[in-house]
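The briefing after it goes through them by topic.

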Amino acid sequence: QLLHSRAPRSTMLFSQPTTMVAVIAILCACFVRNTLGFGDFCLSRGTSGRWGINHGYDRYERKRAALNNIYDDWRSDAVVDTIPLDEENVVSCLDEFVQSDYGKQMFGCHDLPASYGITGAVDFVEIAGPEVVLRLSGKFWHRRETVLGRAAMWLNARMPEIIEVRVEDMAELEDFEDVTDEFTGEVLYQEDKRAPDFNGDRETMEYQGIDPDMRGPFPQGVGGLRPGGSMINPS
């Protein structure tokens, strides 16, 4: 009791009878959890007089928050820090866009879109004064104008100096391409440059007057709204 009265409040003391097994177990738990980076812990005594683990601010939560994609956060609250316009920053911002949750439905570098024939990619070409030139390649489920528009909005939000974002070749914005006879120039057929409509949702939504790009190819939810599932509105 004398030791307890003289000790600072931050000192770990056991005024109640405690077995060595319990003490060792608690200390091991603290060591393992802190070593793995899951949280900050200390020993404290509750109202019952028993000693236990007191959870401090969780380092794991801090790490997880730091991993949130800045583009996804911006889509939620429309607030983002601005940066100067240069090549390095444009490339970095494009990567933020591609690696976002939104980008994981749009670009073929991700496993889920790639498994359904989506191969689309966006690449930086050059900066021309206050203009940024990009290149769209591959097959997108979304309209190519939507892909460019989303990229342009994000780049401008991050770098307000940008007055225009355009593609290297206007043909990159076309979702269909005319295939012509090389001798007569006659249009033989139109080639669909889009990724496959793997479950028919895109065509159905277009028929119903719904913009497919507002929902994307992989809606969240269950049943008919599960990723890869169908969403057909009743007529």
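**The sheet and its surroundings**

In this predicted model, three strands form an open sheet in the order β3-β4-β5, and their pairing is mixed. The two edge strands, β3 (121-128) and β5 (164-167), each pair on one side only. From one strand to the next, the twist averages 30 degrees.

**Helices on the sheet**

- Helix α5, made of residues 87-98, packs on the sheet and touches β3 and β4, and its direction makes about 160 degrees with that of β3.
- Helix α8, which covers residues 144-158, also packs on the sheet, where it touches β4 and β5, and its direction makes about 145 degrees with that of β4.

**Strand pairing**

- As background, the strands of a sheet pair through backbone hydrogen bonds, and this pairing can be either parallel or antiparallel.
- Strand β4, residues 131-137, pairs with β5 in the parallel sense, and the pairing extends over four bridges.
- Within this pair of strands, V132 stands opposite V165, which belongs to β5.

How values were computed: Residues numbered from 1 in each chain as written. Predicted model: local features only at pLDDT ≥ 70, side-chain atom pairs only at ≥ 80, totals over all residues. Heavy atoms only, no water. Pairing = 2+ DSSP bridges. Axes fitted to C-alpha atoms, helices over the stretch in contact; angles between N-to-C directions. Contact = heavy atoms within 4.5 Å.
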